[in-house]
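Morning, everyone. I have one model to walk you through, so please look at the screen.

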Amino acid sequence: MATTLEKELATYNRELNSLKSQAGRFVLISGENVLSTWSAWEDALQEGYRLCGLDRRFMVKKIELYPRPVFNSRMVPPVCHRSSPN
Amino acid sequence: MPSIITQLTPEGAVVEALVGVSQHRSAVMRGLQVPVPEPVRLRFLVDTGATSTNISQGRLAGLNLPSIGVVDLYTASSGSTPVQCDEYDVSLVFPDSVPAPWGIASINVIECLPLDGPIDGLLGRAVLSCAILTYNPFANVVTISF
């Protein structure tokens, strides 16, 4: 399940150190640019559509130094794409 | 308070929801006079073990959504290495809620690999955290009250 947001994810990982003082907020990223941070996911989403419309890709991500695990308790087939272990 | 009352099935507690374009995306589409896709009706297994709402790969194709996020998802078969999955912003409406349909205008859902059984997704704690979940074992009924 390769993501289409590889560039935005790379930007997030690159900028995480500078964003760490805002842990818990939601960052809005488009391409290689950090656009803004928001206290609520929905506000970041709304701003993403306002700035990027339907044509430019954007990502909304919670700023987490130690990401909380996200679980799906059901069995799924072996994966075709795994994230890096580090 | 709006409630979904569902009989427990061999698959578990299953509810139907209309999954559509999120309120924020549809507002932009209407502003640009782009047709907003019709919501799709999907079957969700109520799953208190799922952090977020998950939807099987391909079920959202008709909505033509771009991904707006990425999460590392741990599943029952992923072991200690998570699966990287895309997130999408959608609206959820539960048409069978009484006394009236109840919904969420914008929520993020995770697209996962196809789930086993006749279900399209998992209704996880991101939605259930807005509700009181009651299981009546004598009537074999699950009630979700929002």
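Predicted model: local features only at pLDDT ≥ 70, side-chain atom pairs only at ≥ 80, totals over all residues.

B:Gln33 sits in the loop between helix H1 (23-31) and strand S3 (40-46) of chain B. Its phi is positive, about 55 degrees, and it is not a glycine. Most residues other than glycine have a negative phi.

Now B:Asn64. Here too phi is positive, near 55 degrees, in a residue other than glycine. Look for B:Asn64 in the loop between strand S4 (53-56) and S5 of chain B. B:Asn64 is exposed, with 10 other C-beta atoms within 10 Å.

One more backbone point. The peptide bond from B:Val98 to B:Pro99 is cis, with omega near 10 degrees. B:Pro99 is in the loop between strand S6 (83-94) and strand S7 (102-112) of chain B.

Next, the interface. 34 residues of chain A contact 39 residues of chain B. On the chain A side, H2(A) gives the largest share, six residues. By class, that side has 20 nonpolar, nine polar and five charged residues.

A:Phe71 has B:Tyr74 in S5(B) as its bridge partner.

Last, the core. The largest nonpolar core has 51 residues. A:Val60, B:Val15, B:Phe44 and B:Val46 have the most contacts inside it. Beyond its neighbours within four places in sequence, B:Phe44 contacts residues including B:Val14, B:Ala17, B:Ile119 and B:Leu123.

How values were computed: Residues numbered from 1 in each chain as written. Chains lettered and ligands numbered in written order. Core = buried A, V, L, I, M, F, W, Y, C linked by C-beta atoms within 7 Å. Buried ≥ 20, exposed ≤ 12 C-beta atoms within 10 Å, placed from the backbone. Contact = placed C-beta atoms within 7 Å. Helix = DSSP H or I, 4+ residues; strand = E, 2+ residues; numbered from the N terminus. Nonpolar A, V, L, I, M, F, W, Y, C, P; charged D, E, K, R; others polar. Pairing = 2+ DSSP bridges.
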